[in-house]
Amino acid sequence: MARPLINVPAKVKRGQVFEIKTLISHIMEPGFRFTTTGDKIPRDIVTTFSCSYNGEEIFRADLYPAISANPFFDFFTVATEGGTLDFKWVGDNGFSETASAKIVVE
Amino acid sequence: MSRRTPRVPPIISRVTTIVCLLFAIASSVHGTDIPLDQRRSGYLDLGHDSKAMQDDDTINPAALWVQDGEALWNQKTGAASRACADCHQDATISMKGVAARYPAFSVARNGPINLEQRINLCRSEHQQAPPLASESRELLALSAYVGRQSRGMQIAPPDDSRLVPFVEAGRKLFNRRIGQIDMSCAQCHDDNWGKKLAGSLIPQAQPTGYPIYRLEWQSLGSLQRRLRNCMSGLRAEAYEYGAPENVNLELFLMWRARGLRVETPAVRP
């Protein structure tokens with residue numbers, strides 16, 4: 001239900017390094033657990049996260065079962081020009097979520 | 001022939017140690033209240049990373065629930081097709097300080113009700129909607145959103161004489177030994193806070209930031225969930241969600257934490 005939370009500065013100077021923070025709601029069920037009746041709880045995790053800046057991929061991560069619920073990513077890039085940051089999460093059971101953020105470079 | 005010094009068989013010495021230990025615990029069954037100026041939030045004992053997580057809303061995973069709560073606040077629901085906002089308008093104004101004074105007395109229930117029960121009462125009375133299940137994402141989201149509006153305010157239990165017997169009932173439960181382990185809440189949280197239970201620090205059990213994002217749960221959870229955790233840790237049968245015993249305990253704990261600052265939604269290990 002929850003939308004991913006994206007945090008980027010609204011304005012940055014050209015050439016400046018800026019921080020990008022993303023937080024998404026996901027249970028990250030590792031697939032190694034069992035119910036009280038002995039049934040295996042199937043794996044349900046986010047497997048890939050990527051971020052592109054005006055269409056060019058600048059960050060990508062593969063996720064594995066040991067990663068906690070609600071994965072949080074914090075990374076940096078250099079401000080080249082104004083535009084859009086697009087974020088994409090892909091996971092098990094057809095999970096797919098996108099978000100975007102505008103950035104002004106002056 | 002060797003001379004042997006009489007020695008106590010190990011089993012007896014072990015039993016003696018246990019008896020002494022039990023006696024030491026028994027002598028402090030009725031925990032004394034923590035002096036007001038020594039009360040501290042569990043926040044102060046967090047590691048650097050967990051503190052950073054709680055302090056920054058862009059990192060705190062509980063922000064995801066707060067965001068959901070805000071959406072639910074403005075969403076029309078039930079047969080009455082009403083949103084919380086239709087009566088209470090802007091939560092950042094109308095809900096300020098509300099979580100700091102709950103549980104409060106309900107005339108309808110003739111006893112104290114907690115914030116979650118208040119939300120469900122509103123749903124049934126004003127929205128004509130079915131109650132939200134305990135620990136459901138929706139209920140946690142709404143209570144986190146309402147609680148968030150009191151962040152930084154002092155916990156201020158209502159000065160209501162009708163609540164007195166319920167606070168006392170909560171205090172009694174807090175001091176009552178329960179479960180196979182046969183210990184009371186007070187034996188850890190009044191008498192031995194600051195020491196270790198296995199590898200973990202024993203906190204004072206000040207409910208300053210509920211609902212909390214507990215790293216062990218990998219999720220948000222209510223105070224009652226935490227209380228039930230402790231009860232099953234003592235191998236006692238935990239009271240059901242919403243049971244009067246749990247609400248009385250909540251009420252007593254909030255009274256005990258009066259004056260401390262609300263941190264909702266807090267992060268705990």
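**View 1. Strands S3 and S6 of chain A pair antiparallel.** Strand S3 (residues 17–23) of chain A runs antiparallel to S6(A), and 7 bridges join the two. Two strands count as paired if DSSP finds at least two bridges between them. This is a predicted model; local features need pLDDT of at least 70, side-chain atom pairs count only at pLDDT 80 or more, and totals for chains, interfaces and linings use all residues, while side-chain values use heavy atoms, with hydrogens and water left out. Residues are numbered from 1 along each chain as its sequence is written, and chains are lettered from A and ligands numbered from 1 in the order in which they are written. A:Glu19 stands opposite A:Phe76 in S6(A). Strand S6 covers residues 72–78. Its covered face holds A:Phe73, A:Phe75 and A:Thr77. The uncovered face holds A:Phe72, A:Asp74, A:Phe76 and A:Val78. In a regular strand the side chains alternate between the two faces of the sheet.

**View 2. An open sheet of 5 strands in chain A.** The strand order is S2-S8-S7-S4-S5, and the pairing is mixed. Strands S2 (11–12) and S5 (56–62) of chain A stand at the edges; each has a single partner strand, so one side of each is left without a neighbour in the sheet. Strands here are DSSP runs of E, at least two residues long, and helices are runs of H or I, at least four; both are numbered from the N terminus. Strand S7 (residues 83–91) of chain A pairs with strand S8 (residues 96–105) of chain A in the antiparallel sense, over 8 bridges. A:Lys88 stands opposite A:Thr98 in S8(A). Strands of a sheet pair through backbone hydrogen bonds, either parallel or antiparallel.

**View 3. A salt bridge between A:Glu97 and A:Arg3.** The closest N and O atoms of this pair are 2.7 Å apart. A:Glu97 lies in strand S8 of chain A and A:Arg3 in the segment before strand S1 (5–7) of chain A, so the pair ties together parts that are 94 residues apart in sequence. A salt bridge is a side-chain nitrogen of Lys or Arg within 4 Å of a carboxyl oxygen of Asp or Glu. A:Glu97 counts as buried, at 18% relative accessibility. A:Arg3 is partly exposed, with a relative accessible area of 42%. Buried means under 20% relative accessible area, exposed over 50%, and partly exposed in between (1.4 Å probe, protein chains only).

**View 4. B:Arg39 is buried without a salt bridge.** B:Arg39 is found in the loop between helix H1 (10–26) and helix H2 (48–55) of chain B. The nearest side chain of opposite charge, B:Asp37, is 7.4 Å away. For charge, Lys and Arg count as positive and Asp and Glu as negative; His and the chain ends are not counted. The side chain of B:Arg39 reaches the backbone oxygen of B:Arg256 at 2.7 Å. Beyond its neighbours within four places in sequence, B:Arg39 contacts B:Ile34, B:Gln204, B:Gln206, B:Arg256, B:Ala257, B:Arg258 and B:Leu260. Contact means heavy atoms within 4.5 Å.

**View 5. Salt bridges in chain B.** B:Glu125 forms a salt bridge with B:Arg118, the closest N and O atoms lying 3.7 Å apart. B:Glu125 is partly exposed at 41% relative accessibility. B:Arg118 is also partly exposed, at 24% relative accessible area. B:Arg177 forms a salt bridge with B:Asp182, and here the closest N and O atoms are 3.1 Å apart. B:Arg177 is partly exposed, with a relative accessible area of 28%. B:Asp182 counts as partly exposed, at 36% relative accessibility. Salt bridges that share partners also join B:Asp33, B:Glu168 and B:Arg171 into one network. Over all chains, the whole structure holds 18 salt bridges.

View 6. 8 of the 11 residues of helix H3 (residues 63–73) of chain B are buried, so the helix is largely enclosed by the rest of the structure. The buried residues are B:Ala63, B:Leu64, B:Trp65, B:Val66, B:Asp68, B:Gly69, B:Leu72 and B:Trp73. Buried residues make up 45% of the 269 residues in chain B. Chain B averages a pLDDT of 91, and 88% of the residues score at least 70. pLDDT is the predictor's confidence in each residue, from 0 to 100. Over residues 18–29 of chain B, pLDDT stays under 50. Where pLDDT is low, the predicted coordinates should not be read in detail. The model scores ipTM 0.92 and pTM 0.88.

Definitions and conventions: A polar contact is a pair of N or O atoms within 3.5 Å; within protein, one must be able to donate a hydrogen and the other to accept it, and residues adjacent in sequence count only if both atoms are side-chain atoms.
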